[in-house]
Amino acid sequence: MPTGTPPTPPRTDTTRAQPARVYDWLLGGKDNYPVDEAVGRRLPPQAKDAARQNRAFMHRATAWLADQGVDQFLDIGTGIPTEPNLHQIVQRVVPAARIVYVDNDPIVLRHAEALLVSSPEGTTEYVQADVRDPGGILRHARDVLDFSRPVALSLIALLHFLPDDQDPQGIVRELVDALPPGSALVLSHAASDLHSDLARQVTEEYARAGIRLGFRTRDEVARFFDGLDLVDPGLVTAPEWFRTEPAPAEEDSGIHAGVATVPSGGTA
């Protein structure tokens with residue numbers, strides 16, 4: 001069941017594109033504005049594929065973790081609700097699972113009630129917060145999640161919106177350091193090294209809309225998993241990551257993706 005009612009959303013700025021709304025447009029959603037659609041239409045067609053691949057990876061990874069008995073999830077950079085949402089996937093397997101969603105976009109808050117429709121046995125909560133305040137996120141999350149037991153931290157298509165000068169490595173380290181052994185990091189990230197021309201085009205189009213991006217190479221993305229144990233098949237493209245059959249269809253991708261667990265001795 002939900003643990004609270006979201007606060008009154010701040011006013012939505014419809015004059016500037018926002019990442020969550022552009023992503024919603026790429027997924028075929030309706031919760032976006034002409035300014036967001038304009039950005040989406042200027043992106044290469046592969047951007048829609050990337051959004052779909054990200055979503056499918058999240059579905060597979062969270063379902064697998066739930067099958068392994070993980071029943072607590074902290075999803076940062078949730079985005080506009082698109083069914084099935086993370087809690088729906090997880091609670092099909094573990095009805096008593098507890099999920100905390102986090103996002104800083106006012107339009108996500110407007111739709112947060114859709115994220116709070118938990119199974120009767122479980123709990124969902126929505127926190128209006130920015131990933132650049134990991135300490136604040138953890139304080140809120142501890143009101144719902146028990147950090148003495150495994151927690152899955154989900155960072156799907158989020159970190160490439162944090163250029164290096166915003167210290168994404170330090171942010172992830174602070175979040176991961178709070179996780180007990182047996183926890184997991186689920187992460188996907190736009191690649192700068194798989195299709196460099198397309199990556200440059202996407203970065204430039206977002207920049208025109210006032211949105212800075214920090215696409216990264218596979219080696220740079222791998223650093224987010226330092227001190228953790230990567231789960232097979234390791235750090236691969238989003239369509240290549242799966243643990244149970246049937247395997248996803250083979251397709252080209254510009255998204256690095258992986259799942260890793262916190263070892264028994266904790267992170268290094």
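This note goes through selected features of the predicted model in numbered points.

1. Basis. The structure is a predicted model, in which local features need pLDDT of at least 70 and side-chain atom pairs count only at pLDDT 80 or more, while totals for chains, interfaces and linings use all residues. Residues are numbered from 1 along each chain as its sequence is written, and side-chain values use heavy atoms, with hydrogens and water left out.

2. Helix α1. Helices here are DSSP runs of H or I with at least four residues, strands are runs of E with at least two, and both are numbered from the N terminus. A residue is called buried under 20% relative accessible area, exposed over 50%, and partly exposed in between, using a 1.4 Å probe and protein chains only. Helix α1 covers residues 19–26, and six of its eight residues are buried, so the helix is largely enclosed by the rest of the structure. The buried ones are Ala20, Arg21, Val22, Asp24, Trp25 and Leu26.

3. Surroundings of α1. Contact means heavy atoms within 4.5 Å. The cover over the buried residues of α1 includes α2 (34–42), α3 (46–67), α5 (106–110) and α8 (196–208). After α1 comes Gly28, which has a positive phi near 90°.

4. Strands β2 and β3. Two strands count as paired if DSSP finds at least two bridges between them. Strand β2 (residues 98–103) and β3 run parallel and are joined by six bridges. One of the residues involved is Val100, whose bridge partner in β3 is Glu125. Strand β3 spans residues 123–128 and is mostly covered, with five of its six residues buried.

5. Cis peptide bonds. Pro233 lies in the loop between β6 (229–230) and β7 (236–237). The peptide bond from Glu245 to Pro246 is also cis, with omega near 0°. Pro246 is found in the loop between β7 and β8 (255–261).

6. Ala157 is not a glycine, yet its phi is positive, near 50°. Ala157 sits in the loop between β4 (152–156) and α7 (168–177). Is Ala157 buried or exposed? Its relative accessible area is 11%, so Ala157 is buried. Asp167 is not a glycine either, and has a positive phi of about 55°. Asp167 is likewise placed in the loop between β4 and α7. Asp167 counts as partly exposed because its relative accessible area is 43%.

7. Arg218. This residue belongs to helix α9 (residues 218–222). Arg218 is partly exposed because its relative accessibility is 37%. Leaving aside neighbours within four places in sequence, Arg218 is in contact with Asp193, Leu235 and His256. Arg218 and Lys48 are 170 residues apart in sequence, and their C-alpha atoms are 21 Å apart in space.

8. Aromatic pairs. A pair of aromatic rings is described by the distance of the centres and the angle of the planes. Rings of Phe, Tyr and Trp (its six-membered ring) pair if their centres lie within 6.5 Å; planes under 30 degrees apart are stacked, over 60 edge-to-face, and the rest tilted. By this rule there are three aromatic pairs. In one, the ring centres of Trp64 and Trp241 are 6.2 Å apart and the planes stand at 75°, so the pair is edge-to-face. This pair links distant parts of the chain: Trp64 is in helix α3 and Trp241 in the loop between β7 and β8, 177 residues apart. Trp64 is buried, with a relative accessible area of 13%, and Trp241 is buried at 0% relative accessibility.

9. A further ring pair. Phe161 and Tyr206 form an edge-to-face aromatic pair, 5.9 Å centre to centre, with 75° between the planes. This pair also links distant parts of the chain, with Phe161 in the loop between β4 and α7 and Tyr206 in helix α8, 45 residues apart. Phe161 is partly exposed at a relative accessible area of 21%, whereas Tyr206 is buried at 6%.

10. Ring cluster and charges over rings. Ring pairs link Phe57, Trp64 and Trp241 into a cluster. A charge sits over a ring if NZ of Lys or CZ of Arg is within 6 Å of the ring centre and within 35 degrees of the ring normal. Lys48 lies over the face of Trp25, 4.7 Å from the ring centre. The charged end of Arg142 is placed over the ring of Phe147, at 5.0 Å from its centre.
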